[in-house]
Structure formats: C-alpha cells, structure tokens
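Reader: I've got a model open and I'd like to learn how to read its local features. Could you walk me through a few?

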Amino acid sequence: MVSEKDRVGFTERIVGVFILFLLVVIAVLICIRQGNYGLERFGTDPVAAGVIESVSAEGPDLTTYLPAGFAVSASQEEYLEDNLSDKINGKAPLYIEAGFRRLYYQGYSAEDDDEVWLGLYLFEMTSNEGAFSVFSTQRRSGSVEIEGFDEAFSYRTENGANFVKGNFYIEIIGSEVSKKIQEGFLDCVDKFDDQIDVEGTEVAGLDVIDRGDLEAGSIKLYIKSAFGFGELKNVYSAKYKVRQEKVTVFWSDCESQDKAKETAAKFVDFLVEDGAKDQGGIDGLGGGHILDYYGLTEVVITAGEFFGRGTRGGNQRSGSRGGYIYE
Amino acid sequence: MSAEPDKKLERREFMIRATKTAAAIGAAGVAAKLLYTKESPSAKLSEKLVSFNDFSVPSKEGQVLSVVKNADRIEGVNKAIELLGGIERFVSKGDTVVIKPNVAFATPAMLGATANPELVAEVVRLCYSRGGAKKVIVADNPINDPASCFRLSGIGKAATEAGAKVVLPKADYFKYTTLEGGELIVDWPVFYAPFEKADKVIGISPVKDHQRSGASMSMKNWYGLLGGRRNIFHQNIHTIISELPQMIKPTFVILDGTNVMMTNGPTGGSVLDLKRKDTIIASTDLVAADSYGAGLLDMKVSDLPYITKAEKAGVGTTNIDSIKPKIVT
C-alpha cells in the first residue's frame with residue numbers, strides 16, 4: 001500500500017507539469033530558430049556593401065574642412081576595423097596592421113559642377129608612428145611638396161594631397177586634374193592643419209637622424225617584417241646623397257644594446273643565406289659587417305640600442321612585397 | 001509509525017529520483033554528442049544551390065590570347081578581338097550577353113581603379129552590331145555603394161548609351177553556390193540573376209596592383225560576383241582568386257593595360273599611381289591573360305601565387321608560348 005508520503009502532492013504535480021511544459025516550449029522554439037537559420041544572421045547578407053556607421057559624437061566633423069567653391073555632397077561616413085574593407089578593400093590590412101582606429105570620409109562636390117568632386121579620407125590611427133607608416137609607405141614617387149608644410153609629412157600630386165599630423169593621416173582625392181581641384185584640396189589641407197586637435201606631432205625614431213643631406217620626402221616607416229625578416233619591426237628608411245652617390249639607410253630601435261647586436265647578427269646570417277657575401281667586420285660603432293649582396297654594398301651595424309643598415313649602389317625598387325623591401 | 005522508516009523512505013526516494021535525473025542528463029548528453037556536427041550551418045533549406053553555366057566556346061589554336069599595343073583603347077580592343085576570330089566567333093545572333101566589368105569603386109575612370117567606360121561601351125556596341133546580340137547586360141556587385149560606383153566610374157552612363165541594360169545588385173538576385181572541390185566557395189551567395197539566362201559572358205578589367213594579392217586582373221575581376229562578407233576571403237586571397245574562374249567560365253576576357261595602376265592598388269587614388277603601357281589583352285584563357293598582364297606590372301608569374309594555383313586547377317596555362325599568342329605592336 002502506498003503511504004501518504006509516497007503520493008505526489010497536488011502542488012508538486014502542478015509545478016512538475018509546468019516545468020515539463022516549459023521545457024517542451026523551449027525545445028520547440030530552438031527547433032524553430034534552428035530550422036529558420038539564415039546565413040544573413042551571421043553577416044553573410046547577399047548584398048552587404050558599405051555598412052555605414054552613424055557619426056560618432058567624439059569624431060571630427062569633416063564638413064568643417066569644406067573647401068571654398070564646394071558643397072558637402074553626402075553624409076559623413078565612418079568605418080571601423082571590421083568594415084574598413086567595405087571602403088578601401090584590399091588596402092585595409094595595411095592600415096589595420098599599423099594600428100587603425102577609425103576612418104572618417106566626406107565627399108564634396110563643386111558648387112557649379114557636381115561631376116567635379118573631392119573625397120576626403122581621414123584615418124585615425126592609434127599612434128603617430130602608425131599614421132606616419134601608412135602615409136610614408138604609400139607615398140607616390142614624383143609627388144611634390146605642399147608649400148608651407150614639412151615635406152617629410154606631406155605631399156601633393158596633380159589630383160590630391162596626403163598629409164600626416166599626430167596620429168591622423170589624411171588623404172584627399174580629386175576626380176580630375178584641374179585648378180579647381182587643386183585649390184580645393186589645398187584649402188582642405190590648410191583647414192585640417194588648423195583644426196585637427198592632436199597632442200604632439202613627433203614620430204619617435206625621426207629625431208635620431210641628421211636630416212641635413214636627406215632626400216626630401218624619402219623617409220618611410222615599415223611597421224612589421226621589414227626585408228622579409230620577421231624580427232625586424234618598426235624600421236625606418238631614408239635616402240641620402242653622399243658624395244654624389246645615393247645611399248639608403250635603415251634604422252630600428254631594438255630597445256637594448258644586446259637585442260640590437262643579436263638582431264644584427266641574425267640579419268647578417270639572413271642575408272648570407274640569401275646569397276650575400278660577407279666582406280668582413282667593422283670596428284667601432286658597436287661593430288658591424290660589410291656584405292656584397294648581388295652587387296649592392298650592404299653595411300649592417302649597431303649603435304647603442306639601434307640596429308642600422310646602409311645600402312649603396314645598384315638599382316633598387318621601392319615598395320614592400322612579400323615582406324621584403326626592394327626598390 | 002516511527003521516524004526511522006520515514007527517513008529511509010525519503011532517502012530511497014531521493015536516490016531513485018537522483019538516479020533518474022542523472023540518467024536523463026546522461027541521455028541528453030549522449031544525444032547531443034550524436035547530433036553534434038562540426039560543419040557550419042548550411043544555407044536555408046528552401047534555397048537550392050545553383051551553379052553557373054559554362055559560357056566558354058570551343059578553343060581554337062592560335063586564337064587563345066591576343067595582345068595589341070595601341071595608345072587608343074578602342075582601336076586596341078577591336079584589333080585584339082579581331083585577332084581571336086572577331087566578336088562573331090563568340091557572340092551569335094539572338095544571344096543574351098552579360099558583360100562583367102570591374103566597377104568595384106566609386107572613383108572616376110581616370111584613376112584606373114575600374115574598367116574604362118569607353119571600353120565597356122565599345123564591347124557593348126560590338127556585341128550588338130557585329131555579334132547580333134539580342135540583349136546585352138552590364139552587371140557587377142561593387143565594393144562601394146553600387147549606384148555610386150556605376151555613376152562615378154562613368155560605366156553606367158556609357159553602357160546605357162551604348163544600348164546595354166545595367167543591372168545593379170539586389171538581395172533577391174543572389175543565390176547560393178558551392179564550387180565542386182572548392183575550399184572556400186562553399187554555400188556562398190553569388191550575384192547570379194543577371195547570368196541565369198545568359199548565353200555568353202565577357203569580363204573587362206584593368207591591370208592593377210593589389211595590396212593583398214599582388215595584382216588584380218582578369219581572374220580577380222570575378223570577385224565581384226561574390227556576395228556576403230566576402231572580405232573574409234582576403235585571409236586566403238590566392239586560393240579564392242584561383243577558385244573564381246573555376247566557379248564561372250566566361251566566354252572571353254579583356255584586360256586593359258593602357259594605363260596600369262602600378263602602386264597603391266586596388267584603389268589607387270593618384271594619377272601618379274598610373275603608368276602608360278598602352279596594351280590591350282584579349283583571351284579565352286584567364287591564366288594566360290594574367291600571366292601576360294603580370295609583366296605589365298613589372299612582375300613575374302611566380303610573384304602571383306594565385307596564377308599557378310589556377311593553372312594547377314586546370315583553368316589555363318602560364319606557358320604563353322605554347323598557345324601561340326598573337327602579339328601586335
């Protein structure tokens with residue numbers, strides 16, 4: 001015979017049924033949701049071009065850079081890391097690797113002809129060095145200085161201008177080559193320089209060199225894997241004219257003397273493995289090596305915590321492809 | 001009754017219930033393990049996978065690749081197509097032709113980031129006048145806003161004035177596809193609708209540097225058919241580019257090396273990024289076209305891994321001499 005204590009109470013029964021009912025409802029909802037699974041929930045919308053962020057409150061208002069004779073043609077656009085490629089496509093990794101924070105974009109069209117327009121790209125990076133890197137590694141050969149601005153940090157072409165200040169890099173692209181476009185982008189540059197509020201414009205690593213005989217506008221900063229050598233990061237390069245010869249110098253702050261010497265030794269081995277011929281050591285300046293690298297004279301040295309490299313002779317191609325700097 | 005038997009009963013009841021609970025949890029765990037799958041969720045069950053038709057024409061010896069050096073694009077493209085047998089070889093009377101130019105960016109033609117609008121218009125006109133096409137569609141799924149891209153590049157206006165119908169992407173124009181044997185194009189949305197009833201497909205693209213892949217030429221042009229968050233493929237750029245010409249086999253392609261973007265690709269932005277090479281390439285073999293195009297960028301085939309990947313997959317050949325190209329300087 002079942003004791004009273006073995007019988008399930010009424011309340012207990014109701015609670016139990018309710019819990020079971022709840023579990024069944026949950027199971028049905030899960031089935032419904034899984035059954036209606038759509039890739040678009042995971043960001044594979046069939047049409048997913050140009051996701052535009054709303055204008056952030058703290059970002060610059062690019063309409064204040066409006067050049068004379070132009071009108072704002074559309075709303076300001078902003079892009080973060082995950083949708084940067086929607087605006088600049090395959091160039092996005094270059095910026096992300098250099099410490100990209102946000103892109104602000106504004107279009108302006110000429111008041112008397114909306115086929116004539118300027119596009120202003122303002123890249124906010126996490127550091128001055130990051131901004132300088134994306135500016136310098138994309139610098140166009142054949143560009144000219146912008147009057148009144150330091151050529152190491154600015155240049156213009158026939159249809160645009162590029163400028164770096166603090167942790168901001170600005171690129172202005174014009175739809176044509178014309179006086180109107182030129183006046184427009186120069187006006188933008190002036191306004192940007194006046195209005196952008198940055199703390200400090202220094203780029204660490206540029207104060208260690210003598211810019212006296214430097215070829216104007218040749219300084220570049222490679223953030224990672226310079227020369228295809230993974231251990232070298234944040235490498236600066238610049239061209240000098242030394243007794244009528246062109247010399248390219250590279251330098252990097254290794255943060256300690258020991259690290260600099262270790263890096264230099266490994267880099268010498270790296271070049272030798274790639275076919276360079278070691279011509280011997282150099283006394284003084286922390287020691288170093290001279291190598292013959294397929295007709296180029298290579299000098300690898302250390303000076304305190306700095307790694308340095310100099311290259312003389314031959315025809316080099318500039319750029320960075322496959323991690324190796326060649327020119 | 002004494003308290004002791006009641007306590008025993010409760011303990012026994014507790015043990016029974018605990019055992020049943022543990023058994024239920026265990027059964028749920030076993031069921032979950034059996035039902036678990038590592039594969040990502042598939043497309044909606046209601047979506048049928050599609051695949052592009054093969055739009056290629058029978059190969060003809062000596063009429064696979066043509067290269068014409070001419071500062072005038074229009075003269076150049078006419079000559080290049082003529083050397084492959086003329087548009088009549090490719091387009092038949094009554095055909096529906098889809099032209100897929102590179103319209104990726106909202107930039108003017110002079111910056112070389114998109115196909116040249118006059119070139120696109122000329123090919124449209126050839127399809128009608130000499131090919132006898134019934135309908136010519138011009139379509140692309142750009143990176144930036146489609147309407148802006150077609151407008152600012154000039155391609156929309158040029159194509160329309162030449163008599164083509166410009167088709168911009170819309171959500172219901174996309175279907176899901178899987179490339180057989182593909183690593184990346186698996187259950188992926190593609191811009192399919194304009195191609196569904198096409199008889200012939202022609203690609204038109206400029207020769208450009210590309211920050212990620214090294215170059216953007218005739219094979220990369222088909223990236224514009226991918227939908228969704230296609231930028232994830234940038235991590236595996238050479239594989240995705242090599243899969244594109246396997247996904248769709250066009251009738252022929254035109255590679256415009258008149259004003260080549262030598263640096264800062266794929267968007268460029270300055271006239272200083274460009275260099276005149278005054279070359280038009282037409283080809284039924286996309287690997288051969290890109291192999292030749294690499295030289296215009298002062299690169300070698302070995303600098304562009306996607307080309308050899310595509311060759312290994314059977315898309316075409318990097319041995320240009322073997323296909324007896326017609327080169328007119």
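Predicted model: local features only at pLDDT ≥ 70, side-chain atom pairs only at ≥ 80, totals over all residues.

Reader: What is the phi of Tyr294(A) near?

Author: The general idea is that most residues other than glycine have a negative phi. Tyr294(A) is not a glycine, yet its phi is positive, near 50°.

Reader: And Glu255(A), is that one buried or exposed?

Author: Exposed, with a relative accessible area of 72% for Glu255(A). Glu255(A) belongs to the loop between β10 (245-253) and α6 (257-273) of chain A, and has a positive phi of about 75° without being a glycine.

Reader: Over to chain B, then. Which peptide bond is cis?

Author: As a rule, most peptide bonds are trans. Here the bond from Gly265(B) to Pro266(B) is cis, its omega being near 10°. You'll find Pro266(B) in the loop between β9 and β10 of chain B.

Reader: Now helix packing. At what angle do α8 and α10 of chain B pack?

Author: For α8 (residues 237-247) and α10 (residues 305-312) of chain B, the angle is about 45° and the axes are 8 Å apart. That's why α8(B) is called oblique to α10(B). The crossing of α8(B) and α10(B) is right-handed.

Reader: Which residues in α8(B) and α10(B) meet?

Author: From α8(B) there are His238(B), Thr239(B), Ile241(B) and Ser242(B); from α10(B), Pro305(B), Tyr306(B), Lys309(B) and Ala310(B). Sorted by class, the contact of α8(B) with α10(B) has four nonpolar, three polar and one charged residues.

Reader: How many residues of helix α9 in chain B are buried?

Author: Nine of the 11 in α9 (residues 286-296) of chain B, so the helix is largely enclosed by the rest of the structure. Among the buried ones are Leu286(B), Val287(B), Asp290(B) and Leu296(B). The cover over the buried residues of α9(B) includes β1 (65-69), β7 (200-210), α8, β9 (252-261), β10 (274-283) and α10 of chain B.

Reader: What happens at the start of α9(B), and what comes just after α9(B)?

Author: At the start of α9(B), a side-chain oxygen of Asp285(B) comes to within 2.9 Å of the backbone nitrogen of Val287(B). Just after α9(B), Asp298(B) has a positive phi of about 60°.

Reader: Last one: where does Asn221(B) lie?

Author: In the loop between β8 (214-216) and α8 of chain B. Asn221(B) is buried, with a relative accessible area of 3%. A polar atom of the Asn221(B) side chain lies 3.4 Å from the backbone nitrogen of Asn102(B). Not counting residues up to four places away in sequence, Asn221(B) touches residues including Lys100(B), Pro101(B), Gly203(B) and Ser205(B).

Methods
Residues numbered from 1 in each chain as written. Chains lettered and ligands numbered in written order. Heavy atoms only, no water. Axes fitted to C-alpha atoms, helices over the stretch in contact; angles between N-to-C directions. Helix = DSSP H or I, 4+ residues; strand = E, 2+ residues; numbered from the N terminus. Parallel < 35°, antiparallel > 145°, perpendicular 65-115°, else oblique. Left-handed = near helix turned anticlockwise from the far one by under 90°. Contact = heavy atoms within 4.5 Å. Nonpolar A, V, L, I, M, F, W, Y, C, P; charged D, E, K, R; others polar. Buried < 20%, exposed > 50% of the residue type's maximum accessible area, 1.4 Å probe, protein only. Polar contact = N/O pair within 3.5 Å; in protein donor to acceptor, adjacent residues only side chain to side chain.
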